[in-house]
Amino acid sequence: MNITSFDALLEDVSLPSSSSGDYFNECGSSDFGVPANFKGSQEATDGSGYAGLYFYALNDYREYIQLNTSRTLREKHPYKISVQLSLAEASSLAVKDMSIVLVNKKVKFPNGSALTNSRLDLQEGVLFHEVKLKPNKSLASTDDWVTLTAEFEAKGFENHIIVGNFKNNTNTVLLQQEKPIISSDYSYYYVDNLALEELPRVNYEKDKIYVLERNPFEPKGYELDAEAIASVKKIFKYLKENTEVQMKITGHSDNVGQPGYNKFISSLRARAVAIYLKKLGIDDDRIVWEGVGDTRPLGNGRIKEDHLSNRRVEFVMTDFNDN
């Protein structure tokens, strides 16, 4: 398997259960070759080999790989993980959702059953942290590699990563399943390029103006989309860790429409951010918000390209005054 990493965070590969998985390589036999092998045909994403694992099979049979992170992850620090998968042509089932599990030590379970949360809970001395992965396209694809990624905050004990399916057959959500499942049905994925990267911690200078997002409020003009929500969650993390700071949010609009309406819609944009932060757990008195309509355009306000950019939310971090 070709394992890449940022900052050399990944090292050796091991097996966390008695099931073995498969290794395919350009130098392998016809059954275990690359691109053609006994499960289908797929080029390696980079290098000459990759692993193959059962993600769904009869009697909750599962296969996993376990990787050493080379050092324990730092508590409350953000990380990004990615892995590439491709459904083997011999598979009759495809899995909809996937995750990875981070543990505090190398584990070895005695059989090939699914490593569910309840099984991990029963293992003495094992701490674990499950992180849901987001695929960039359908996991039913057998033609190309699918990249799955996640950003997470480390709990401070993680030093091994396990890749596989951590749900039993009953709880596994499948894609494009029209016929009843029979005992010979299974889901088998090629696995390559697992990477772990430590991200810089979120930090905001006091009294500096930041733009949350350019035009983040579509389609209704003021509702937060997924990208804006991700940004607000980072702001929440910063506010949670820096209790001496308060935040002022300012909503802006373009100059299309009446000034009164523009001020109204810009207020809704600022309010949407404030409400989400309060929902996450930030106290009311640490958030101030307002809408200023089209009164503060970017640039000279006349350039056509500035039109959409003026639909924005800005924020400033200041010292918290609770008087």
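**Close-up views of a predicted model**

By class, 12 nonpolar, 2 polar and 10 charged residues make up the lining of the largest pocket. The structure shown in every view is a predicted model.

**View A. The largest pocket and the residues about its centre.** The pocket shown here, the largest one, has a volume of about 930 Å³. Its lining comprises 24 residues, of which Glu151, Phe152, Ala230, Lys233 and Lys234 are the closest to the centre.

**View B. Secondary structure elements around the largest pocket.** Two or more lining residues come from each of strand 7, strand 10 (128-135), strand 11 (146-153) and helix 2 (226-241). Which element gives the most to the lining of the largest pocket? Helix 2 does, with 9 residues.

View C. Between valine 34 and proline 35 the peptide bond is cis, and its omega lies near 15°. Proline 35 belongs to the loop between strand 2 (22-25) and strand 3 (36-37).

**View D. Lysine 76, a residue with positive phi.** Although lysine 76 is not a glycine, its phi is positive, near 65°. The residue sits in the loop that lies between strand 6 (65-68) and strand 7 (78-87). Lysine 76 is classed as partly exposed because its relative accessibility is 44%, a value between the cut-offs of 20% for buried and 50% for exposed.

**View E. Aspartate 207, a further residue with positive phi.** Aspartate 207, likewise a residue other than glycine, has a positive phi near 65°. Its place is the loop between strand 14 (187-198) and strand 15 (209-214). Is aspartate 207 buried or exposed? Its relative accessibility is 59%, and aspartate 207 therefore counts as exposed, the cut-off for that class being over 50%.

View F. Alanine 195 is a residue of strand 14. With a relative accessibility of 6%, alanine 195 counts as buried, since that class covers values under 20%. Along the chain, alanine 195 and lysine 80 are 115 residues apart. In the model, 8.2 Å separates the C-alpha atoms of these two residues.

Conventions: Residues numbered from 1 in each chain as written. Predicted model: local features only at pLDDT ≥ 70, side-chain atom pairs only at ≥ 80, totals over all residues. Heavy atoms only, no water. Helix = DSSP H or I, 4+ residues; strand = E, 2+ residues; numbered from the N terminus. Buried < 20%, exposed > 50% of the residue type's maximum accessible area, 1.4 Å probe, protein only. 1 Å grid on protein atoms, 1.4 Å probe; cavity = no way out; pocket = protein on both sides within 12 Å on 5 of 7 lines; lining within 4 Å. Points joined across faces, edges and corners; volume = space filled by probe spheres on them. Nonpolar A, V, L, I, M, F, W, Y, C, P; charged D, E, K, R; others polar.
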